Amino acid sequence: MITFVPEPHLLESPRGREWPVLPGALAARTSEPPPAADVVIVGAGPAGLAVASALWHHGVRDLVVVDRDGRPCGRFFDRVDLLGQRVLRSPYEHHPGVEGYRDCELLDFARLHWALLTPVERREIRMAQAGHRSVVPVDVFEAYCRHLAASHHVTERTWRGSVREVLPTSDAVTVRADRFSVTARHVVLCLGEERRSAPDTWWGGGHPPRGVSYWDEPVPTAGKRLAVVGAGLTAAHLISNGLAQGREVHWVVREAGERYQCADVNSSFFRPEGRARFDGVSWSERLELMGRFRRASIMFEFRPMLEAAEAEGRLIVHRGKAITKVTPGVGLHLEDGSRISADHAVLALGTTPSIGDGLMPGEAVLDTGGWPRLDERTFAYEGAPRVFAVGAAAGMALGPAARNIDGHRVATARVAAAVAGNLRRDTPLRTVTKDVARV
């Protein structure tokens, strides 16, 4: 069998190019949103952008998007840039656009800006047109997201705010942020995922000890030895950055070996027959499938680079060794009794879905093993039918692909149709400001 491994130069698309900007693609609103709306979307990442764009095509224009950053996809790209990431794992056919409405899709957008692309990027577009896997530059994707936000009037409907509570009732949902409250007939939670914390046993819980940080924090450049803990794409970027700085990098992988694959979940779950594996399957069987297929992996493009660095001794890989303790200094104690000393250690331990617990009452979330109970047809919360989930939180209804951009599109299509249909049947909210005061 012949295995094709893409070259690392595919990871090197330029960042920060000047792209044409549509009017309305600039800053979000600074004033407070209206006290009432048909729909509130919590979170303006790729999932929130997809939902807002889809609702626009359904004729739903009375919506408020609340986001902690206040920029559509702003936090997403801040995280990407913190890692120095230049390309996305998702191919051209996976994007936040809305299918079936003659929208400009990601591949269309890239071709329209052909003159701005490098020869390597143009070749990837030809690969995509031929139906092969392709690599999407972060720069192209960000420009496309700005285009979507402007052309679907998402930016002008986005307000900065940290949501504190989501309070559903039988006929409305109130979203309380730090500076304002909005009552809506429906709410869509696009909360994404948060970093997974280290076990309390590593240092007693709380803040990491001196010299240790998480992947979503800046990494100090001082010191010759860097340790990276984790087995996913984030860890690969951190390792690559350390090697580029001329540092000796120690990589701690808990499993027996690292996994390389195109997507971070099995590609079969992107197709209808893969998603059907979750239909009619028991909760325990779904948990088993999620545990088996929602695992860390690295893009194939990193493989030649990391293997060469290991062969040259610049990268030391500690495979199949779990950490038992972390001490200031920095010392990583492994289960076989060995110890790694480094000037700094970065923890890339994965993420956990934000499912709405802490925002909604427990009887609304119906948390079952870290997953909410959702209607499998509409992705509405069973305990709060006017609240919907798009993104990683929909994993137990949609499967492992729920956390990916393509999974967002599948969930968005169902949620947008359900919300638009409900709005046509609903009686408009009355005396909303009085209701807000009573909740």
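Let's start with Pro34: with a relative accessibility of 33%, this residue counts as partly exposed. Keep in mind that we're looking at a predicted model.

Where is Pro34 along the chain? It belongs to the segment before strand S1 (36-42). Setting aside neighbours within four places in sequence, Pro34 touches Val64, Trp159, Ser181 and Val182. Arg15 is another story: Pro34 and Arg15 are 19 residues apart along the chain, and 37 Å separates their C-alpha atoms.

Most residues other than glycine have a negative phi, and most peptide bonds are trans.

| Residue | Phi | Loop | Relative accessibility |
|---|---|---|---|
| His153 | positive, about 60° | between helix H5 (138-151) and strand S5 (158-160) | 31% |
| Leu366 | positive, about 55° | between helix H11 (362-365) and strand S19 (380-381) | 33% |

Which kind of bond joins Gly329 and Val330? That one is cis, with an omega of about 10°. Val330 itself sits in the loop that runs between strand S14 (323-327) and strand S15 (331-334).

On to the aromatic rings. How many aromatic pairs does the structure hold? There are five. One of them brings together Phe76 and Phe77 in an edge-to-face arrangement, with 5.1 Å from centre to centre and 90° between the planes. Are these two residues buried or partly exposed? Phe76 has a relative accessibility of 25%, so it counts as partly exposed. Phe77 comes out at 4% and is buried, because buried means under 20% relative accessible area. Elsewhere, Trp19, Phe109 and Tyr144 make up one aromatic cluster.

Arg61 lies over the face of Trp56, 4.2 Å from the ring centre. Arg373 places its charged end over the ring of Trp283, at 3.9 Å from the centre of that ring.

Note on methods
Residues are numbered from 1 along each chain as its sequence is written. This is a predicted model: local features need pLDDT of at least 70, side-chain atom pairs count only at pLDDT 80 or more; totals for chains, interfaces and linings use all residues. Side-chain values use heavy atoms; hydrogens and water are left out. Helices (H or I, at least four residues) and strands (E, at least two) are DSSP runs, numbered from the N terminus. Buried means under 20% relative accessible area, exposed over 50%, partly exposed in between (1.4 Å probe, protein chains only). Contact means heavy atoms within 4.5 Å. Rings of Phe, Tyr and Trp (its six-membered ring) pair if their centres lie within 6.5 Å; planes under 30 degrees apart count as stacked, over 60 as edge-to-face and the rest as tilted. A charge sits over a ring if NZ of Lys or CZ of Arg is within 6 Å of the ring centre and within 35 degrees of the ring normal.
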